[in-house]
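Q: I have a model open and would like to go through it piece by piece. Could you take my questions as they come?

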Amino acid sequence: MKLVRFGDMGAEKPGLMDGDTLRDLSGVIDDIDGTTLGDDSLAKLRDIDPASLPAVAGSPRIGACVGNIGKFLCIGLNYSDHAAETGADIPEHPILFFKANSAIVGPNDDVVMPRGSEKTDWEVELGVVIGTTAKYVSKENALDHVAGYCVVNDVSERHFQTQLTGQWTKGKSCDTFGPTGPYLVTRDDVPDPQNLAMSLDVNGKRMQTGNTSTMIFTVAEIIEHLSQLMTLHPGDVITTGTPPGVGMGMKPQTFLKVGDVMELTIEGLGTQRQEVKQDA
């Protein structure tokens, strides 16, 4: 299934895609969030005849594909070719940082560079949405705890990230720096999360081309590792790293400017599009 949240920010309704038709699920569930992402809940949604649901008229705004996200966990330097372009060593364990939930926006909402931004960068990433509680799980059963997958743009302000004393979170958590969606594609429709083509264009020029097969730590290994450190709850989102082609890794370095348009795609998970604006 492809689950969607649509409508004005803060008032999104749940929906699902029936081919190219968006269907309204608000008569069945209140939202697509941790309360509706368990296997039993998803099975009930899967049994619904989509044609029995109201079609959504027009072209409503698409919101983040998960509501009320608990934790937004991010893995850094998780592609061998991306680590190489930034001159970083291959990490021994997954590098973890957090993105503030206030950064989360819809897949086609504007990305707004904050005051003082010098080096705002792009990162197409595979997002993993937890569906059932995971604590001390092994990589062999880790994917059983996944509700589904989505596209995430881990927008990053590199000056804030590396030059303002502290952790990476400073450069990752600016408002609008977490476009998520358009779809939450349930795990039954993603047979192998380690073989998904991904790309990102800026103003129609291809910047990133990659595949999740080059991850250093697989989705299952990431979930195993994180679940030894903290309980992963339904509705938590993990974004799993980016392939090469970020602006920081270019020579000379290249960063976003007002008016730029980013377009991101992951195989089977849909496409995002954001225009870059400047905060007042």
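Q: Which residues does Lys172 touch, not counting those up to four places away in sequence?
A: In this predicted model, Lys172 touches Phe97, Phe98, Lys99, Ala103, Glu123, Asp154, Val155, Ser156, Arg158, Gln161 and Phe177, where contact means heavy atoms within 4.5 Å.

Q: Before we go on, what do the numbering and the confidence limits rest on?
A: Residues are numbered from 1 along each chain as its sequence is written, and side-chain values use heavy atoms, with hydrogens and water left out. As this is a predicted model, local features need pLDDT of at least 70 and side-chain atom pairs count only at pLDDT 80 or more, while totals for chains, interfaces and linings use all residues.

Q: Okay, is Lys172 buried or exposed?
A: Lys172 counts as buried, at 2% relative accessibility; buried means under 20% relative accessible area, exposed over 50% and partly exposed in between, with a 1.4 Å probe and protein chains only.

Q: And what does its side chain make a polar contact with?
A: The side chain of Lys172, a residue of helix α4 (residues 169-172), makes a polar contact of 3.0 Å with the side chain of Asp154. A polar contact is a pair of N or O atoms within 3.5 Å; within protein, one must be able to donate a hydrogen and the other to accept it, and residues adjacent in sequence count only if both atoms are side-chain atoms. Helices (H or I, at least four residues) and strands (E, at least two) are DSSP runs, numbered from the N terminus.

Q: Switching to Arg23, where does it lie?
A: Arg23 lies in strand β3 (residues 21-24) and is buried, with a relative accessible area of 14%. A polar atom of the Arg23 side chain lies 3.5 Å from the backbone oxygen of Pro50, and Pro50 is also among the residues that Arg23 touches, including Pro14, Asp18, Leu53 and Val56.

Q: What is the strand order in the nine-strand sheet?
A: The nine strands form an open sheet in the order β3-β2-β1-β13-β10-β9-β16-β4-β5, with mixed pairing; two strands pair if DSSP finds at least two bridges between them. β3 and β5 (95-98) stand at the edges, each with a single partner strand, so one side of each is left without a neighbour in the sheet.

Q: Further in, how many bridges pair β9 and β10?
A: β9 and β10 pair over seven bridges in the antiparallel sense, and Val129 stands opposite Gly148 in β10.

Q: What about the five-strand sheet, which strands are at its edges?
A: That open sheet has the order β7-β18-β17-β14-β15, again with mixed pairing, and its edge strands are β7 and β15 (205-211), each pairing on one side only. β14 and β17 run antiparallel and are joined by five bridges, with Leu200 opposite Leu264 in β17.

Q: Last topic: which residues have the most contacts inside the largest nonpolar core?
A: They are Ile223, Ile238 and Leu269, in a core of 49 residues; a nonpolar core is a set of buried Ala, Val, Leu, Ile, Met, Phe, Trp, Tyr and Cys residues joined through side-chain atoms within 4.5 Å. α5 gives the most to this core, with five residues.

Q: What is Ile223 in contact with, leaving aside its neighbours within four places in sequence?
A: Ile223 is in contact with Val128, Ile130, Val137, Ala142, Val146, Leu232 and Ile238. A second, separate core of 24 residues includes Leu25, Cys74, Phe97 and Cys150.
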